[in-house]
Amino acid sequence: MTAPDALTADEIPHGLVASYATGFGEEGRAWIAGLPSLAADLLERWQLRRDGAVRSGQASLVLPVLRHDGTRAVLKLQLPREETTAALIGLRAWNGDGMVRLLDHDPASSSMLLERLDGARTLASIDDDDVAMGILADLHARLVAVPAPQGLRGLGEVAAAMLEQVPQVVTHLTDPADRDLLRGWASAVAELADEPGDRLLHWDLHYDNVLAAEREPWIAIDPEPLAGDPGFDLWPALDSRWEDVVAKSEPLRVVRRRFDLLTDTLGLDRARAAGWTLGRLLQNALWDIEDGEPRLAPSAVVIAEALRHR
């Protein structure tokens, strides 16, 4: 007989199953197959009771739970890899300051017990873009105020790897204008690479990674920590709700307004922040080209244009 709190294979979202099969092959399929057993072990070990339906992100399964004292939490199950180790380092360094709080951790499986936030209400629920971006900028300033701890990948390493790829990868773009843009973004990175920065970056702070909460109105989740310059961390905010908000209005004006608000709140030099944002566009483009895309993303071209002379 199945225990009342047992996770069944049928509950695992098909999207997560497909993502792991595509991204990790046999290792991913084996991890998915072992999820019910892993969940059962942690529920028992940490004295947890399930308290809601299964949810999933791109790389993790999330179970709402109650702790033995009745505290609401979530159990996050994920395949151990470099990104999960970095997330743990970042969560411990932020220690709940503007970031979801880590309650417990299983080193063997990389599973985390996190405080529960309002998963149904993200910052994207705020209609006024200036208000939403102001909230995100304030959170962002708090997060990058923390020096990056030891053990994280650095932006200098990331920048060097990108610059090494560009000469060969740029030839895969079919439009000469795209090739010129990519080379320009690489030049911007080359000018900044000697001073990569030492702040603790979230690396994916956008509207959907900020949730409503009780101990604070809004709290960030799902960091992918990196040590570096805060300017490299701005793109996810600039790109937030692109189709719903930016593309429907005046994209150049909206991006510039967002960029100015972010750089003012974070106290960044705009020219330097614009250069590192072009570096982020370069990183995204290299990933897209690796996946077979022959053109630059239209949103990236707009953001690059908006940041000219910034």
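The model is predicted: local features need pLDDT of at least 70, side-chain atom pairs count only at pLDDT 80 or more, and totals for chains, interfaces and linings use all residues. Residues are numbered from 1 along each chain as its sequence is written, and side-chain values use heavy atoms, with hydrogens and water left out.

**First stop: Tyr20 and Phe24**

A search of the whole structure finds 4 aromatic pairs. Rings of Phe, Tyr and Trp (its six-membered ring) pair if their centres lie within 6.5 Å; planes under 30 degrees apart count as stacked, over 60 as edge-to-face and the rest as tilted. Select Tyr20 and Phe24: their ring centres are 5.0 Å apart and their planes meet at 35°, so this pair is tilted. Both belong to helix α1 (residues 14-33), where their separation of 4 residues amounts to about one helical turn. Helices (H or I, at least four residues) and strands (E, at least two) are DSSP runs, numbered from the N terminus. An α-helix has 3.6 residues a turn, so residues three or four places apart point the same way. Tyr20 is buried, with a relative accessible area of 0%, whereas Phe24 is partly exposed at 27%. Here buried means under 20% relative accessible area, exposed over 50%, and partly exposed in between (1.4 Å probe, protein chains only).

**Second stop: Trp203 and Phe232**

Next, select Trp203 and Phe232, a tilted pair at 6.5 Å centre to centre with 40° between the planes. Trp203 lies in the loop between β8 (199-201) and β9 (210-212), and Phe232 in the loop between β11 (226-228) and α7 (235-238), so the pair ties together parts that are 29 residues apart in sequence. Trp203 is buried at 12% relative accessibility, and Phe232 is buried at 0%.

Now colour helix α10 (residues 270-290), which has 21 residues. Of these 21 residues, 15 are buried. Beyond the helix comes Gly292, whose phi is positive, near 100°.

**Last stop: Arg258**

Finally, select Arg258 in helix α9 (residues 251-266). Is Arg258 buried or exposed? At 1% relative accessibility, Arg258 counts as buried. Leaving aside residues up to four places away in sequence, Arg258 touches several residues, among them Asp129, Met133, Tyr207 and Asp239; contact means heavy atoms within 4.5 Å.

Key. The expected span of a helix is 1.5 Å times one less than its number of residues.
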